[in-house]
Amino acid sequence: MARKLERGVLVVLEGIDGSGKTTQARALLRRLRRRGYRAAFFREPTRGRWGREIKRLAARADSLTPEQELDLFVRDRRENVERHLRPALEAGRIVVLDRYYFSTIAYQGAKGIDTRRIRRMNESFAVPPDLVVILDVDPRQGLARIEGRRTRDELFEREDYLVRVAEIFRGIEGRAFVHLDGRADRRAVARAIWERVRALLPPRP
Ligand code: TYD
């Protein structure tokens, strides 16, 4: 696994589409800044060249094999780690990251790629997170939050896939992980996240 950095704190928010992680990531960032912490926000896929490529290809259904998807997400992540995460952490920032390699484990794993291989591949270069918050919601509810336009068939297909993704997320365990019920009241979820983050923070600047 990549070397743990001496400074900074890396907090990752994970969960299926519609789990509320982006809302929570932004709320956490605001809270940190209000309290005087130098905090940075990043997301994956990024808006960099590989991230844009992912977006462009994702617009065309099934234009990529699972292995090609895996390759693009990993390229995007390598760039994010080198250009954004390491520099921010080395500068002592609290980094809030909306999705990291646990999304690859869950999403590309749900397409049949061996999850241990995905993990090994990522841990050869990725900075280890200090905390990973996984927001758990029922995929049907998650989809209800974000969908509106798609046809019924597309929704069923997507729901089926997200059920598998959510299952993999639920199975990810470890010292740095916390699983929270994403259906709970938004402010209650924010408080639960804050309690975990607060325990990791250096003395206030
Ligand atoms: P998402 O966070 O929803 O980005 P945006 O808010 O810009 O749409 O991520 C886009 C999709 O990419 C989402 O469905 C999850 C998927 N994804 C993977 O399949 N593998 C990965 O490694 C990552 C980071 C995301």
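Before we start: buried means under 20% relative accessible area, exposed means over 50%, and partly exposed is in between. Keep in mind that this is a predicted model.

**Exercise 1.** Work out how exposed aspartate 181 and arginine 183 are, and how they interact.

*Solution.* 
- Step 1: aspartate 181 has 36% relative accessibility, so it counts as partly exposed.
- Step 2: arginine 183 comes in at 53%, so this one is exposed.
- Step 3: the two form a salt bridge, with the closest N and O atoms 2.7 Å apart.

**Exercise 2.** Which side chain does aspartate 98 meet in a salt bridge, and are the two residues buried or exposed?

*Solution.* 
- Step 1: the partner is lysine 21, at 2.9 Å from N to O.

**Exercise 3.** Find where the salt bridge partners aspartate 17 and arginine 158 lie in the chain.

*Solution.* 
- Step 1: their side chains meet at 3.5 Å, N to O.
- Step 2: aspartate 17 is in the loop between β1 (9-15) and α1 (21-34), while arginine 158 belongs to helix α7 (residues 152-171), 141 residues away.
- Step 3: arginine 158 has 23% relative accessibility, so it is partly exposed.

**Exercise 4.** How many salt bridges does the structure hold?

*Solution.* The total is 18.

Key: Residues numbered from 1 in each chain as written. Predicted model: local features only at pLDDT ≥ 70, side-chain atom pairs only at ≥ 80, totals over all residues. Heavy atoms only, no water. Salt bridge = Lys/Arg side-chain N within 4 Å of Asp/Glu carboxyl O. Helix = DSSP H or I, 4+ residues; strand = E, 2+ residues; numbered from the N terminus. Buried < 20%, exposed > 50% of the residue type's maximum accessible area, 1.4 Å probe, protein only.
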